[in-house]
Amino acid sequence: MNIGYARPIDGDLTCEKQQAVLEELGCEEIFIETHSSPKKRDELKLLLEQLENGDRIIIQNLHVLADTTRHLVELLKVLNQKGITLYSASEQIDTAPDKLFAFQKIVQCLADFQSDSISAKTKAGLTMAKEKGMHAGRPRKPDANVKKAIEMYESKKYNLAEIKEETGISKSTLYRYLEN
């Protein structure tokens with residue numbers, strides 16, 4: 001069974017254009033979201049629950065179905081496990097088994113590449129910052145303030161609120177330094 005899925009996107013907030021394309025492509029049933037938010041996709045959830053082996057989801061383009069590469073990978077895995085194929089009209093992508101390439105595998109590789117690329121850039125940035133004498137994370141408290149806070153604490157003349165007010169060192173920071 002050909003089943004269409006649409007959701008509001010720029011240039012088609014009412015989904016009329018998508019619906020026309022889906023009807024033209026022979027969709028017997030069409031699930032249409034009432035909003036464009038990626039967070040609450042009730043119609044997509046309903047669609048995924050009702051799918052049966054051999055069904056075919058038809059969409060206008062991939063962005064209608066997924067907002068990120070990771071989300072697309074997850075959806076493709078679910079569809080593959082249920083024996084469902086996907087056809088995206090704009091990109092002319094078809095996941096039917098008789099096609100020459102495994103679209104799901106290509107998307108998985110792209111998602112892994114994207115993740116690895118971001119990770120490598122982050123690590124390189126941290127390394128460069130370290131070489132310049134910078135460190136990641138929250139700035140350290142001045143040593144003089146820490147020393148003063150420890151002395152005040154050990155004198156037993158001040159409570160934690162007074163120590164914080166005087167030095168700016170919080171209870172948790174003070175205890176962390178005391179443990180070391």
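Which residues of H6 are buried? In this predicted model, the buried residues of the helix are Val146, Ala149, Ile150 and Met152. Viewed down the axis of H6, these buried residues fall within an arc of 165°, so they line one face of the helix. An α-helix has 3.6 residues a turn, so residues three or four places apart point the same way. The cover over the buried residues of H6 includes helix H7 (160-167) and helix H8 (171-179), whereas the face turned away from the buried side carries the exposed residues Asp143, Ala144, Lys147 and Glu154.

Helix H6 itself comprises 13 residues, 143-155, and reaches 18 Å from its first C-alpha to its last, which is close to the 18 Å expected at 1.5 Å a residue. The helix is followed by lysine 156, whose phi is positive, near 60°.

The structure holds 2 salt bridges. One is formed by glutamate 166 and lysine 148, with the closest N and O atoms 2.8 Å apart; because glutamate 166 lies in helix H7 and lysine 148 in helix H6, the pair ties together parts that are 18 residues apart in sequence. Lysine 148 is partly exposed, its relative accessible area being 36%.

A salt bridge is also formed by arginine 56 with aspartate 94, the closest N and O atoms being 2.8 Å apart. This pair links distant parts of the chain, since arginine 56 belongs to strand S3 (residues 56-59) and aspartate 94 to strand S5 (residues 93-94), 38 residues apart. Aspartate 94 has a relative accessibility of 12% and therefore counts as buried, the cut-off for that class being under 20%.

Technical notes. Residues are numbered from 1 along each chain as its sequence is written. This is a predicted model: local features need pLDDT of at least 70, side-chain atom pairs count only at pLDDT 80 or more; totals for chains, interfaces and linings use all residues. Side-chain values use heavy atoms; hydrogens and water are left out. Helices (H or I, at least four residues) and strands (E, at least two) are DSSP runs, numbered from the N terminus. The expected span of a helix is 1.5 Å times one less than its number of residues. Buried means under 20% relative accessible area, exposed over 50%, partly exposed in between (1.4 Å probe, protein chains only). The arc is that of the directions from the helix axis to the C-beta atoms. Contact means heavy atoms within 4.5 Å. A salt bridge is a side-chain nitrogen of Lys or Arg within 4 Å of a carboxyl oxygen of Asp or Glu.
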